[in-house]
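These are my notebook entries on a single chain, written down in the order in which I looked things up.

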Amino acid sequence: MSRYTFGKSEKLCSKLMIDELFRSGKSFKQYPIRVIYKEVEQTDANAKVLITVPKKRFIKAVSRNYVKRLVREAYRLTKPDLIEKWHNEGKYFALAFVYIGNEIPEFVDTKRTMQLIIEQLNKINE
């Protein structure tokens, strides 16, 4: 049974892990989101996720927070298949979603992009 949650244990908060992710992680783009990922040692969740929106692209915090909320919700709704697969294989990953678009997206477009990202992550880690 899949769970559509996004709790504290799934959030990437460790500065050391974040630095390591951005330094030596692999990445790909699915416009308007850039994904950086790295396999890590066992943690309390199969995927630790960081969502960031650059201040350079959205000056107002309200806009940045809205875009982060959209990306977070799209991830929450599309992640169960990926997490279940990683759980069965005993894999653990750190993920960063960096929004690189210049306009505030529609939720439907964000969800479609996230589905493509999840499919690509499934293919990469086979």
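**Entry 1: Thr 113.** I looked up what Thr 113 touches (contact means heavy atoms within 4.5 Å) and, not counting residues up to four places away in sequence, I found Gln 30, Tyr 31, Pro 32 and Ile 33. Thr 113 sits in helix H4, where helices (H or I, at least four residues) and strands (E, at least two) are DSSP runs numbered from the N terminus. I noted Thr 113 as buried, because its relative accessibility is 9%; buried means under 20% relative accessible area, exposed over 50% and partly exposed in between, with a 1.4 Å probe and protein chains only.

**Entry 2: what I am reading.** I reminded myself that this is a predicted model, in which local features need pLDDT of at least 70 and side-chain atom pairs count only at pLDDT 80 or more, while totals for chains, interfaces and linings use all residues. Residues are numbered from 1 along each chain as its sequence is written, and side-chain values use heavy atoms, with hydrogens and water left out.

**Entry 3: helix H2.** I listed the buried residues of H2 as Ser 63, Arg 64, Val 67, Leu 70, Val 71, Ala 74, Tyr 75 and Thr 78. They lie on the same side of H2, because they cover an arc of only 130 degrees around the axis, the arc being that of the directions from the helix axis to the C-beta atoms. Among the elements that cover these residues I found E2, E3, H3, E4 and H4. Arg 72 also belongs to H2, but I recorded Arg 72 as partly exposed, at a relative accessible area of 32%. Leaving aside neighbours within four places in sequence, Arg 72 is in contact with Phe 6 and Ile 51.

**Entry 4: the core.** Which residues touch the most other members of the largest nonpolar core? Of its 25 residues, they are Tyr 75, Leu 95 and Phe 97; such a core is a set of buried Ala, Val, Leu, Ile, Met, Phe, Trp, Tyr and Cys residues joined through side-chain atoms within 4.5 Å. I also noted a second, separate core of eleven residues, which includes Leu 12, Tyr 92, Ala 94 and Val 98.

**Entry 5: rings.** I counted five aromatic pairs, taking rings of Phe, Tyr and Trp (its six-membered ring) as paired if their centres lie within 6.5 Å, with planes under 30 degrees apart stacked, over 60 edge-to-face and the rest tilted. Phe 6 and Tyr 75 form an edge-to-face pair, 5.7 Å centre to centre with 80 degrees between the planes. Phe 6 lies in the segment before helix H1 (15-24) and Tyr 75 in helix H2, so the pair ties together parts that are 69 residues apart in sequence.
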